[in-house]
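Visitor: I would like to learn how to read pockets, patches and salt bridges in a model. Where do we begin?

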Amino acid sequence: LTDVYLGDVWIASGQSNMEMPVGYLHDGYSGVTNWEEELTRASSPLVRVYTVENAVADAPLRNVKGTWSSATPESIRTFSATAWYFARRVHEDTQVPIGIIAADWGGTPIESWMSAEALHGSGELVEQVALLQERAKDAAAYAAREQRRVDEWRASFDRAELGVKQTGSELIDEL
């Protein structure tokens, strides 16, 4: 191994305010006010950044996808501005190598960041949590049951809605 340091590792996690990158991106994020200037100061070999790729899962994941990189203008441009400013400041104050992990996803409901225990304790989402736990235990059985439910709903809809099975003239004749 080369270019490995011992230091502190921090996690920056959250929704859109945490996801907002340092630099301008074409997908709606305008970056920080002085993003171009900020990028000129972004080279910091003792600060390493890691962005967790967004993934949907029924249960907490043991591994995530992403790549560590040194803080450079290229890596910082798309990195969480909040996480970058925090990591840079901690490194400047402590002179300790810093690893910062950004686990963020804008637009996600707060419940997706909470544990099953916390959600169950709210009392409002007990059924949804139970379904997620069931799906996590046996995804194939859950999918089969959900497909049966959809099929039953469609059959019920077809029986109730004459227009689904009949042409317009048949409906007029019947009425």
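Guide: Begin with the elements around the largest pocket. Strand 1 (8–14), strand 4 (98–104), helix 5 (116–122) and helix 6 (126–137) each supply at least two residues of its lining. Keep in mind that this is a predicted model.

Visitor: Which helix gives the most to the lining of the largest pocket?

Guide: Helix 6 does, with six residues.

Visitor: What volume does the largest pocket have?

Guide: About 1300 Å³. The lining counts 35 residues, and the closest to the pocket centre are Ala 55, Ala 57, Ala 59, Pro 60 and Ser 112.

Visitor: How do the residues of the lining divide into nonpolar, polar and charged?

Guide: The lining of the largest pocket has 20 nonpolar, eight polar and seven charged residues.

Visitor: Now the surface. Which residues form a nonpolar patch there?

Guide: Ile 110, Trp 113 and Met 114. Together they have about 270 Å² of accessible area. Met 114 is found in the loop between strand 4 and helix 5.

Visitor: On to charges. What is the general idea of a salt bridge?

Guide: Side chains of opposite charge can pair when their charged atoms come close. A search of the whole structure here finds eight salt bridges.

Visitor: Where does the pair of Arg 48 and Asp 3 sit in the chain?

Guide: First, the contact: the closest N and O atoms of Arg 48 and Asp 3 are 3.1 Å apart. The pair links distant parts of the chain, with Arg 48 in strand 2 (residues 44–51) and Asp 3 in the segment before strand 1, 45 residues apart.

Visitor: Is Arg 48 buried or exposed?

Guide: Buried, because its relative accessible area is 18% and the cut-off is under 20%. Asp 3 is partly exposed, at 46%.

Visitor: Which residue forms a salt bridge with Glu 134?

Guide: Arg 145, with the closest N and O atoms 2.1 Å apart. Here too the pair links distant parts of the chain: Glu 134 lies in helix 6 and Arg 145 in helix 7 (residues 139–160), 11 residues apart. Both count as partly exposed, Glu 134 at 34% and Arg 145 at 22%.

Visitor: Which residues do salt bridges that share partners join into one network?

Guide: Glu 38, Arg 41, Arg 88 and Glu 92. Within it, Glu 38 and Arg 41 have their closest N and O atoms 2.9 Å apart. Glu 38 is buried at 1% relative accessibility, while Arg 41 is partly exposed at 45%.

Definitions and conventions:
Residues are numbered from 1 along each chain as its sequence is written. This is a predicted model: local features need pLDDT of at least 70, side-chain atom pairs count only at pLDDT 80 or more; totals for chains, interfaces and linings use all residues. Side-chain values use heavy atoms; hydrogens and water are left out. On a 1 Å grid over the protein atoms alone, a cavity is a set of points where a 1.4 Å probe fits but cannot get out, and a pocket is an open set with protein on both sides within 12 Å along at least five of seven lines; lining residues have an atom within 4 Å of a point. Grid points are joined across faces, edges and corners, and a volume is the space filled by probe spheres set on the points. Helices (H or I, at least four residues) and strands (E, at least two) are DSSP runs, numbered from the N terminus. Ala, Val, Leu, Ile, Met, Phe, Trp, Tyr, Cys and Pro count as nonpolar, Asp, Glu, Lys and Arg as charged, and the others, Gly among them, as polar. Patches are made of residues with over 30% relative accessible area and no salt bridge: like charges are joined within 9 Å, nonpolar side chains (Val, Leu, Ile, Met, Phe, Trp, Tyr) within 5 Å. Accessible areas come from the Shrake-Rupley method with a 1.4 Å probe; for residues, only the protein chains shown count as cover. A salt bridge is a side-chain nitrogen of Lys or Arg within 4 Å of a carboxyl oxygen of Asp or Glu. Buried means under 20% relative accessible area, exposed over 50%, partly exposed in between (1.4 Å probe, protein chains only).
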